[in-house]
Amino acid sequence: MKFAVIGAGSWGTTLANLLCDNGHQVKLWAREPEVVAGINSSHRNPFFVSHLELNQSLECTLNLSEALTGAEIALLSIPSGFVRSAIEPYKAELKSLRGIVNVAKGFERGSGRRISQVICDILGITPESDNDNIACLSGPNLADEVAQKKLGASVIAAPCQYLSQTLQECFSNNYFRVYRQNDRTGVELGGTLKNIFAIGAGIVDGLELGDNAKAAYLTRSLHELVRLGTALGGESQTFYGLAGLGDLMATTSSPLSRNHRLGMALAKGDSLQNFTGSTKMVIEGVEAAKIGSEWGKKLTLQLPITEELCRVLFENCPPAVAAANLMGRSLKAETD
């Protein structure tokens with residue numbers, strides 16, 4: 001099958017290479033001339049997963065129209081806040097494809113929409129209709145580990161079951177196993193919301209609060225993720241699968257997680273501005289926390305962890321004070 005992969009960050013590059021290894025034809029679009037030159041000449045991305053020697057059949061281009069020419073499937077690996085501006089000029093080409101796969105994990109800035117909703121809006125498609133050929137690939141997938149061909153699994157979700165099955169077969173191999181899901185909403189939300197709690201997990205680790213605190217924090221984070229995720233339309237069971245609990249476990253425990261690294265840095269006294277300015281990667285959990293808090297207020301939900309993280313991120317609240325605030329909340333039943 002012919003793929004256009006839009007976005008040559010760590011995950012886009014890794015998936016483009018995986019698809020090539022699986023025997024598919026792939027054109028990768030990058031916005032940096034250095035990335036295009038590096039991939040085409042030395043088969044390495046100089047900025048992201050630079051240790052990975054790429055499949056020699058992988059082509060990279062600065063021209064998005066060129067990447068889409070002849071493609072059957074487009075894979076979007078663009079930070080959530082830039083999806084609309086990146087693909088809107090190419091909506092005619094995208095609408096003619098057999099399918100679109102989004103792998104970004106975040107909300108659209110301003111609207112708070114899931115990315116499948118954004119894509120449907122751009123293409124003039126009614127979500128969940130017969131014309132909705134938008135899929136989401138999400139799960140506990142740290143790009144660096146997949147690049148190293150370490151064993152892992154993910155979930156593909158789309159309204160069209162034939163498209164889900166086709167993509168499941170395209171991505172799966174002996175080290176990357178893909179499952180199908182019907183609940184695209186839940187899969188998207190699981191991948192998005194866990195980024196919020198990964199920042200907090202980094203704070204717990206950075207403050208050296210211990211294993212008991214970490215276990216309690218992760219359990220209550222999952223409770224809060226399910227509360228908001230189901231209120232936004234996801235199915236409860238989805239959040240206990242790979243795209244919810246699985247992704248939460250990986251992202252809240254690994255030093256490879258940029259959201260976890262941010263939390264660690266904040267706990268050690270670094271600032272949000274300094275940390276984000278020091279990396280080329282987008283920290284999706286920052287915007288997700290802001291939007292998650294806004295959704296909580298609109299839906300009158302109690303989201304105490306999200307609220308405290310927003311105070312740390314946007315109001316300069318010391319992380320230790322935020323932890324103390326959570327411990328000092330009124331006592332209640334565990335299920336509340």
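1. Rings of Phe, Tyr and Trp (its six-membered ring) pair if their centres lie within 6.5 Å; planes under 30 degrees apart count as stacked, over 60 as edge-to-face and the rest as tilted. By this rule there are three aromatic pairs. The model is predicted: local features need pLDDT of at least 70, side-chain atom pairs count only at pLDDT 80 or more, and totals for chains, interfaces and linings use all residues. Residues are numbered from 1 along each chain as its sequence is written, and side-chain values use heavy atoms, with hydrogens and water left out.

2. Trp11 and Phe176 form an edge-to-face pair, at 6.4 Å centre to centre with 70° between the planes. Trp11 belongs to helix α1 (residues 10-21) and Phe176 to strand β8 (residues 176-181), so the pair ties together parts 165 residues apart in sequence. Helices (H or I, at least four residues) and strands (E, at least two) are DSSP runs, numbered from the N terminus. Trp11 counts as buried at 12% relative accessibility, and Phe176 counts as buried at 1%. Buried means under 20% relative accessible area, exposed over 50%, partly exposed in between (1.4 Å probe, protein chains only).

3. The ring centres of Phe47 and Phe48 are 6.5 Å apart and their planes stand at 90°, so this pair is edge-to-face. Phe47 is partly exposed at 30% relative accessibility, whereas Phe48 is buried at 8%.

4. Tyr217, Arg220, Ser221 and Glu224 in α10 meet Pro304, Ile305, Thr306 and Leu309 in α15, contact meaning heavy atoms within 4.5 Å.
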